[in-house]
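Hi,

Here is the structure I promised to pass on to you. Have a look at it first, and then read my notes below.

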Amino acid sequence: MRFILRRLGFYLVAFWASITLNFLLPRFMPGDPVSRMFARSQDRMQPEQIEALRRLLGVDDRPLWEQYAGYLQNIFTGQMGVSISRFPAPVTEVISSQIGWTLLLGGTALVIAAVVGNLLGIVAAWRRGGAIDSALPPVLVFIGSFPYFWLAMGALYLFGVVLGWFPIRHAFTDGLEPAFTWEFIGDVGAHLVLPALTIVLVSIGGWMLGMRNTMIATNSEDYITMAEAKGLRPGRIMLRYAARNAMLPSVTSFGMGLGFVVGGALLTEVVFAYPGVGYQLLNAVQGLDYPLMQGLFLTITAAVLLANFLVDILYVRLDPRVRSN
Amino acid sequence: MATAILQQPGTTAGKTPAAKPKTKPNRSFIHGLLTNRKALVGMAVMALFIVVALLAPVLFPGDPSRITAMASLEPDAEHWLGTTAKGQDVLALTVHGARSSLLVGLTVGFASTFIGILVGLASAYFGRFIDEALSLVTNVFLLLPGLPLLVILAAFLPPGLGTVILVLVVTGWAGSARVLRSQALSIRSKDFVAAAVVSGERAGRIMFREILPNMASIVMGTLLACVIYGIGAQAGLEFLGLGDVSTVSWGNNLFWAGNEGALLTGSWWVFVPSGVCIALVAFALALINYAVDEVTNPRLRKIKTPKTATAGTPAPIERSAAK
């Protein structure tokens, strides 16, 4: 319980830090983001909107601490202002319409990569020097060294443009009405294959090598020798004795990976024009839509922190050592 | 301690040499690297790229982004890698791109590792309040989502090469700080450090002359990982158009390739070289990194099984050898 409270405290501090960073960035940056933005969208903006924006980005005359208090209050009441590029939609509305796609894409890719990667790592460590152990890691490390977006574009070109097997952009075909029909779900699935596959391809190596290296250490433990001496089946020793005890670092990576789901899929979403929060974040940056940018960053951070907290709770369940001290 | 639980699998790699006396592991470490095939291949590739980057103005004098030929030419004898949609020579762009990419990667790598060393050593040596505070900051930075933070910072800061480096260091130092802290902590508890403290050595001397040399291999691993991060993240940032688009670098080459629709028109030769270069550099560095791991962690080393051993029972032999 103490552990959980400690972690909770830490995540609150982290969240506070990101809010404060968000607050300070536009106020202490060289140059004035507001005037840059005004120059671009003056004619489209209402006077009261400009006023609200000035307050959000700190171009008002109140003392800093007062602005800060107001900013915190806004954040915790869910008021993140109004999007400029998608005026007059509130930032929260823009974000909530897109986060689902990000979770779908990132979640699918993460689960596939983690499951397959860990299984490969288990087998590789169990059969040291076998085919999987000697052939796969160099290949995966080599694939993993390519810049992610480059592989994604290559896959897009090869399978989308040249071969035409998969749709090349967006999350579903234009004009198709979102509904729970087989047609729509199939369409979404087809759009999901390429982006998810590229993420799996580059991230699977990390899972496999991490698992392999931990499991090599576990394999030399006495209880493994003991299990062998007892004459247990090798498959049982591999999964229930060795792999089970080597899982913990992978659980941590899974928590970190959940962070990647929300934030790190940015490049994927940009390459495949997938309508998630990462794609929107880049659009917001290009459109100098500062309220949306800040709202997205806070949402992504909050999601990452929440995911890590959930993993911590899971950790307490999995590892008795955490419970005892 | 919360951070100990979050420790990554790789962080335990360097523990073996730490226990040995100071000078000996370093010599056998370098010898181990020089006889390791992975390390040799990695170092050869890196050396090649560094030489090409240094010789770029000799190989392709003048501004590489000037227009020299027809647009979108396929690779031929005159333009080995073809030309872009603007008519720039792709090979010249790629060779010159190595300069900026390697420079930024190395700068980011060294700067992040340096900060990581300072933070890690201070945490481990002083302990208590300083450790708590520094660990907190480190963990917050580790947890903040990297890519979105990069994008936000790059959006607010004025564009330029300095900004790219600054932003990458800000987002990249925390990982190395955590790895180095946990290593420094284990050395901090050794007797020779206690002896140095008792004999009245100054804090700075103990940190940099007693503790630091004993974690040389893990510092090197961290440095390599940071350089890989730097090169990859720079390319990603520039690909998104958030770098300094006027410089010639691999990331910017890819940004322009995407911008000019190189793939949609089928000009794969514009798009392939820069990506392959980034991959080769990252792969070479990763190879060296694995070699460092193998040399310092006997458990990861390939076991030289005697030829007489029966092929059917590799697993048990291995496990007893690992002990």
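Which residues of α13(A) are buried? They are Val277(A), Gly278(A), Tyr279(A), Gln280(A), Leu281(A), Leu282(A), Ala284(A) and Val285(A). Please keep in mind that this is a predicted model. The helix covers residues 277-286 of chain A, and because eight of its ten residues are buried, it is largely enclosed by the rest of the structure. After α13(A) comes Leu288(A), which has a positive phi, near 50 degrees.

Chain A as a whole gives some background. It has 15 helices and zero strands, and 42% of its 325 residues count as buried. If you take the contacts in chain A between residues at least 6 apart in sequence, 74% of them join residues at least 24 apart.

Next, the nonpolar core. The largest one has 165 residues, and Met293(A) and Val151(B) are those with the most contacts inside it. Helix α13 of chain B (residues 268-296) gives the most to this core, with 17 residues. Leaving aside residues up to four places away in sequence, Met293(A) touches Leu281(A), Ala284(A) and Val285(A), as well as Ile152(B) and Ala155(B). Leu281(A), Ala284(A) and Val285(A) are also among the buried residues of α13(A).

Enjoy exploring!

Definitions and conventions: Residues numbered from 1 in each chain as written. Chains lettered and ligands numbered in written order. Predicted model: local features only at pLDDT ≥ 70, side-chain atom pairs only at ≥ 80, totals over all residues. Buried ≥ 20, exposed ≤ 12 C-beta atoms within 10 Å, placed from the backbone. Helix = DSSP H or I, 4+ residues; strand = E, 2+ residues; numbered from the N terminus. Core = buried A, V, L, I, M, F, W, Y, C linked by C-beta atoms within 7 Å. Contact = placed C-beta atoms within 7 Å.
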